[in-house]
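Subject: Handover of a structure, with notes

Dear colleague,

Please find below the structure that I am handing over to you. I would be grateful if you read the notes with the structure open beside them.

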Amino acid sequence: MTRASFFFRFSKKWIELLCLVLLFGWAFFLFTRYFSFFLNEFTILKQAFSVPYGFSLPLNAQWLPAFWFFLKITGTALAIGFVTFRLGFFLRKWLRFTAPNRLMGWAIDFGLGVFLIDLLWLGLGFNQLWYTSILWFCFGFLFLVCVIEKAVHFSALSRKGVGIPDWPYGFLAIAGLAYWLFSFLHGLLPETHTDGLNYHLGTPCYWLMRHGIRNFTSYYEGFPYGGELFLSTGYLFQGTEAAKLLNVLVFGVCTLAAAGWAQDAGGKNAGWLAFGLTLTSPLLALVSWTTQIESFLVLFSILFFYGLYRLIKTDAFNTFGSEILLTGLWGGMTLSVKYTGILGVGVGLLLFPFFFKESKIPFKKKNYFILLILILMVDAVWLLKNWIFVGNPLAPYFKHLFYGNSALWWNVDIEDVNPDPWHWYRLVWTSVMSKPSLYSFAGPLVLLFIPVVFLFRTENREWKWVGWSLAVLCPICLMFLTILKFHLPEIILFYIFCSVLFTGQKSRYWGKFIALSALVSAIFCFPYLAGMSAFYYSGLPIWTARENHDQYLERRLPYYESCEFVSKNLPQESRLLLIGAEDVYFDRPSYQDWEFFNRLFQTAGSVSEAFSRVRQAGFTHVVLNLSRLKLTNSYLNFTLSPAQWRLFDDYFRRGLEPVYEKGPVAIFRICSQLKPKGDPSPVDPFLFCSQPASRFLAAQEAGDLARAQLYLNQAVQLYPFSDYWKTQQKRLRDKKSKKRMSKLLPDN
């Protein structure tokens, strides 16, 4: 060994050691900065240990019904998952696609199964055949076929094992399994999340009530429902709990896909590191607790980028085959889940041709064009549905380019985008380091990994493509999407990239240090995650059999008792208009349109015209839930003029008759004909559905009398005909006067 080579090897080790020291310092700074915030959040942390009924054990008689109920939920979800895997396996076998390892094989099978089940729902739905008997027969037949096939054939296409992990990766995997089991417990709870009830399950429930996919005037009619249709399978056979458990299953399959790709590219340790990083992602766990569909977006984004990765790595792009077909299917399914997936699909396709320059394989423009056509074909059903129903195939976006029901949609225009490039990159820090919430609890690992990535260099052509795709995708996504949960696909793709990069180097320290850092982050994040669980979902009474399904919903949903009232007291032919409530738990045909009256009285010229239009719509009752006013985006802030509000108030007194009132929830029967004169005595609850009124209530509840007075004055100007608001104005003045007097009087 020459002196120069010895010096080079010696200096390289010291440089690597110095980098590790700097990385440790960066990790220490990030973790102390991030987790020190938790020390000041005793309110949320103590929720993890608060139990409504204490820690006393329930009676023995309560355990058995709870156990059988949980068994029914779990069995339903497992049966649907089994059918999904086997259907995907049949299709993969027919396409003659060989997975590189077991984990990726399972993920591909599940993705193909979701695609086939969606096709079944769509075929029956557009033919108006969503009848319970037909759906039960179809899925029962598929289950029987899958059971028989599995009993005959036990082999799989791929036999490559996973391998035993080294100790730091194993501990991280164990922590990840704890995260997944905690998510599994949340799948046993009834759905109470607003988005889940509003449209993730609300829209399929509306279609199920009407036996097929139909047009309806709502904010949600233009969304694609590729993920929700699969979750509807669980809702059909059991209820919201099985639908949630299916989402937890998708969370696990995302982990299999990430680990399978990393194992294929970087070996055993890379696979285990990706496995642990994905499972211990707090944000991915949070979205799996409800029927949100970001986990589907993560799964199909991983499969799509893996498909492009395989096309670059192998010679599969030279001729059209199953590789190109599956990649196009994954891209189309990504768009079928959520249109924001176009950012990832677009960037991947845009950079894809540039990495064939170093390859001996010629870039086939014909196959590239076929790939684009396949993506559009898979997503075409939702584009056509939107075009026919809404008049805008890209709803809810770009409404200025299309006509139709465009007044119902918000828009993303160029003026909504911050032009400052530094603002986009600063968002990485501010969004990750912000107060953890249901939409932004990602943990500090993303910020830890970003500078470390620049210490490594890869000569691997396909991983250069992955790295450049992430480098382009992240700032583009930050331009349009500022809510952190919408960035989950690129976060998990970044974890996969880092797993291969950090474990593929000659040094054995980098990957283990990253795994230990991730383990520390997972341990510190879990208590806060448990606190958020107790604060937002409070599931311990159900898990310990202290509450059943109905008791839990009565405690968590203000309007659930009205669902029971409807079930017991209203005729079967009733048709409900829901304002501030969701139709998932109502057993009568209902229509969830929080903006119905806002649109009606913006165009109605008289009370009689408004009354006749409501009758023509076929409604018999109106359900109003004012507790939704507490939400930031409640959609209950009607934008009517004083004259239009007066018309609305007149309609309330002459055209509606109360049949149920409890707390913030009321049910009104729509009269068969207008009353000659309205009763002026009852308070009109619809007058609370304006921005000044709702903000007045919030300020009054917070004890901010100055802001309450400001908004109350605006409400009085908006409702000059209402004595109630004038009385509130007088009471607030008296309260402020007494408060000033109490400050002037000396203490006794």
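The notes below begin with the whole chain and then turn to selected places in it.

Please bear in mind throughout that this is a predicted model.

The chain as a whole

The protein chain holds 30 helices and five strands. Of its 748 residues, 56% are buried. Among the contacts with a separation of 6 or more, 77% are between residues 24 or more positions apart. The chain exposes about 33,600 Å², and carbon and sulfur atoms supply 64% of that area.

Aromatic pairs

The count of aromatic pairs comes to 73. Two of them are described here. Trp121 belongs to helix α4 (residues 102-126) and Phe139 to helix α5 (residues 132-152), so that the pair links parts of the chain 18 residues apart. Both Trp121 and Phe139 are buried.

The second pair is formed by Trp136 and Phe237, whose ring centres are 4.7 Å apart. Their planes are at 65°, and an angle over 60 degrees counts as edge-to-face, so this pair is given that name.

Positive phi angles in two loops

Gln128 is not a glycine, yet it has a positive phi of about 60°. This residue sits in the loop between α4 and α5. Its relative accessibility is 25%, so Gln128 counts as partly exposed.

Ala545, also a residue other than glycine, has a positive phi near 65°. Its place is in the loop between α22 (540-543) and α23 (549-556). Is Ala545 buried or exposed? With a relative accessibility of 4%, which is under 20%, Ala545 counts as buried.

Leu600 and its contacts

Leu600 is part of helix α25 (residues 596-603). It has a relative accessible area of 4% and is therefore buried. Which residues does Leu600 contact, leaving aside its neighbours within four places in sequence? They are Ala610, Arg613 and Val614. Leu600 and Val614 are 14 residues apart in sequence, and their C-alpha atoms are 8.6 Å apart in space.

Strand β5 and its partners

Strand β5 (residues 665-670) is mostly covered, with five of its six residues buried. It runs antiparallel to strand β3 (residues 621-625), to which five bridges join it. His621 has Arg669 in β5 as its bridge partner. Strand β5 is also antiparallel to strand β4 (residues 656-662), and here six bridges join the two. In this pairing, Pro658 stands opposite Phe668 in β5. Strands β4 and β5 form a hairpin with two residues between the strands, and Gly663 in this hairpin takes a positive phi near 60°.

Yours sincerely,
A colleague

Terms used: Residues numbered from 1 in each chain as written. Predicted model: local features only at pLDDT ≥ 70, side-chain atom pairs only at ≥ 80, totals over all residues. Heavy atoms only, no water. Phe/Tyr/Trp six-rings, centres within 6.5 Å; stacked < 30°, edge-to-face > 60°. Helix = DSSP H or I, 4+ residues; strand = E, 2+ residues; numbered from the N terminus. Buried < 20%, exposed > 50% of the residue type's maximum accessible area, 1.4 Å probe, protein only. Contact = heavy atoms within 4.5 Å. Pairing = 2+ DSSP bridges. Areas by Shrake-Rupley, 256 points an atom, 1.4 Å probe, with all protein chains shown as cover.
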